[in-house]
Amino acid sequence: MKKIFLIIALAFLSLSPLLTIAQSQQAAVKITGEVTTPLTINNEDLQKFNQTIVVRKDKDGKDHTYSGVLVADLLQKAGVTMGPELKGENLTKYLLVDASDGYQVTFTLAELDKSYTDRMIILANQVDGKPFLPADGPFRIIVQGEKKPARCIKQVVSFKIAFAK
């Protein structure tokens, strides 16, 4: 009986990396709300965008290299008001990011727009050259330069653009 259990456990462990890769390929982030073109972005789609690297310290002070796509680039693809049109009433728009566990964070569009800030905020799909472990990914927001990691949300599943009013 112990041999059977051991064989099953070893088989599961050998398949575990393959399951993680398959799950990350199936996972996607939906972009909805005040957009002209609602999108669903998966890992394959993410590779079609310019890749950006952000180095950020973890809670223990160790540097990690995250790679992904600027959130602003994804929003532009969905037709979100960015660039020269981001003024007046459009400055009251925000991005609500949802995680699979119900955690949420918000960003104003100005925090994401290159014409307002040099800070990079990315939707990452890799850390230190590897896909995220299931507890952290497959997608994670990484905010360059913030003192606290509270908005570096894990397991991202959706972006919703809305007016603050």
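The protein comprises 4 helices and 10 strands, where helices (H or I, at least four residues) and strands (E, at least two) are DSSP runs numbered from the N terminus. The model is predicted: local features need pLDDT of at least 70 and side-chain atom pairs count only at pLDDT 80 or more, while totals for chains, interfaces and linings use all residues. Residues are numbered from 1 along each chain as its sequence is written, and side-chain values use heavy atoms, with hydrogens and water left out.

Along the sequence, the elements follow the pattern α-β-β-α-β-β-α-β-β-α-β-β-β-β. Among contacts (heavy atoms within 4.5 Å) between residues at least 6 apart in sequence, 60% join residues at least 24 apart.

An open sheet of mixed pairing is formed by 5 strands in the order 2-1-10-5-6; two strands pair if DSSP finds at least two bridges between them. Strand 2 (39-42) and strand 6 (104-108) stand at the edges with a single partner strand each, so one side of each has no neighbour in the sheet. On average, neighbouring strands of this sheet are turned by 20° against each other, direction ignored; the axes are lines fitted to C-alpha atoms. Strand 1 (residues 28-33) pairs with strand 10 (residues 156-163) in the parallel sense over 4 bridges, and T32 stands opposite K160 in strand 10.

Of the 165 residues, 40% count as buried, that is, under 20% relative accessible area with a 1.4 Å probe, protein chains only. Leaving aside neighbours within four places in sequence, L75 contacts I31, V80, L95, L109, L112, F159 and I161.

**Aromatic pair**

The structure holds 1 aromatic pair, defined by ring centres of Phe, Tyr or Trp (its six-membered ring) within 6.5 Å, with planes under 30 degrees apart counted as stacked. Y66 and F132 form this stacked pair, at 6.2 Å centre to centre and 25° between the planes. The pair links distant parts of the chain, 66 residues apart: Y66 lies in strand 4 (residues 63-70), and F132 in the loop between strand 8 (130-131) and strand 9 (140-143).

| Residue | Relative accessibility | Class |
|---|---|---|
| Y66 | 6% | buried |
| F132 | 5% | buried |

Terms used
Axes are lines fitted to C-alpha atoms, for helices over the stretch in contact, and angles run from 0 to 180 degrees between N-to-C directions. Rings of Phe, Tyr and Trp (its six-membered ring) pair if their centres lie within 6.5 Å; planes under 30 degrees apart count as stacked, over 60 as edge-to-face and the rest as tilted. Buried means under 20% relative accessible area, exposed over 50%, partly exposed in between (1.4 Å probe, protein chains only).
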